[in-house]
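Colleague: I would like to learn how to read a protein model. Please take me through the features in turn, with the general idea before the case.

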Amino acid sequence: MPENKVKKYFRLIEAWAWCPICEDMVALNIDKKEIIDGLKMSIYTKEFTHSNPNPDSEDPDDLSGNEHTIYIYINENYDVTGVKSFFGESPTTEEIRAEAAEEGGEVRIPIVVKEIPPMAVQFGMLNKEQFKVLKICDGMNRIEQVAEIAEISVEEIEKMMEELRKKGLVKVIKRT
Ligand SMILES: [Zn+2]
């Protein structure tokens, strides 16, 4: 899988992200302002709906000509920390499971139980990092992916999940 790449300019960035459905790089320009605004609310995700203009017509399994969505997670340095592609509104549990099976391992999907207002950080109920991590726990990311997107080690994320679980803010769904 080719690496995601970013070219940074004064006002915008050019991002190339690998779309596993297209099996190709998807290129798009994003305003830095949009990213900065997004990051004020903890994480920034670029959502881009597209279809492959050149699907493999010989391959019946190639559905990339159909419209699908790529999520590109971008950090404060304008680097890509995670990518996710799916058909429809969100990835299905089967897709998340299939992806995990490829990498081999137990599937643990943390999901936010209660919507947390940003005020929670101001009131000291949560720290900024916990707030950011909770935003990534949208039911689409496995623990390992949450760690990657947040740029925190898996061990740290596991510890944090345990704390957040005790606070009744998150639950971790396990599938084998
Ligand atoms: Zn695609």
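Modeller: Start with the elements: helices (H or I, at least four residues) and strands (E, at least two) are DSSP runs, numbered from the N terminus. This is a predicted model, in which local features need pLDDT of at least 70 and side-chain atom pairs count only at pLDDT 80 or more, while totals for chains, interfaces and linings use all residues. Residues are numbered from 1 along each chain as its sequence is written, and side-chain values use heavy atoms, with hydrogens and water left out.

Colleague: How many helices and strands are in the chain?

Modeller: The chain has six helices and eight strands. Their order along the sequence is β-β-β-α-β-β-β-α-β-α-α-α-α-β.

Colleague: What share of the residues of the chain count as buried?

Modeller: Buried means under 20% relative accessible area, exposed over 50%, and partly exposed in between (1.4 Å probe, protein chains only). Of the 176 residues, 39% count as buried.

Colleague: Into which domains is the chain divided?

Modeller: Domain bounds come from an automatic or database domain assignment. That gives domain 1 (1-89) and domain 2 (90-176). Their centres, taken over C-alpha atoms, are 21 Å apart. Contact means heavy atoms within 4.5 Å, and the contact takes 13 residues from domain 1 and 16 residues from domain 2.

Colleague: What is the volume of the largest pocket?

Modeller: Rolling a probe the size of a water molecule over the atoms shows where empty space is left. On a 1 Å grid over the protein atoms alone, a cavity is a set of points where a 1.4 Å probe fits but cannot get out; a pocket is an open set with protein on both sides within 12 Å along at least five of seven lines; lining residues have an atom within 4 Å of a point. Points are joined across faces, edges and corners, and a volume is the space filled by probe spheres set on the points. The largest pocket has a volume of about 1,100 Å³. Its lining has 38 residues, with Met1, Trp18, Pro20, Glu99 and Glu102 nearest the centre. The elements giving two or more residues to that lining are β6 (80-86), α2 (93-103) and α5 (143-150), and β6 gives the most, with seven.

Colleague: What is the volume of the largest cavity?

Modeller: The largest cavity has a volume of about 70 Å³. β5 (68-74) and α4 (128-136) each supply at least two residues of its lining. Each of domain 1 (1-89) and domain 2 (90-176) gives that lining at least three residues.
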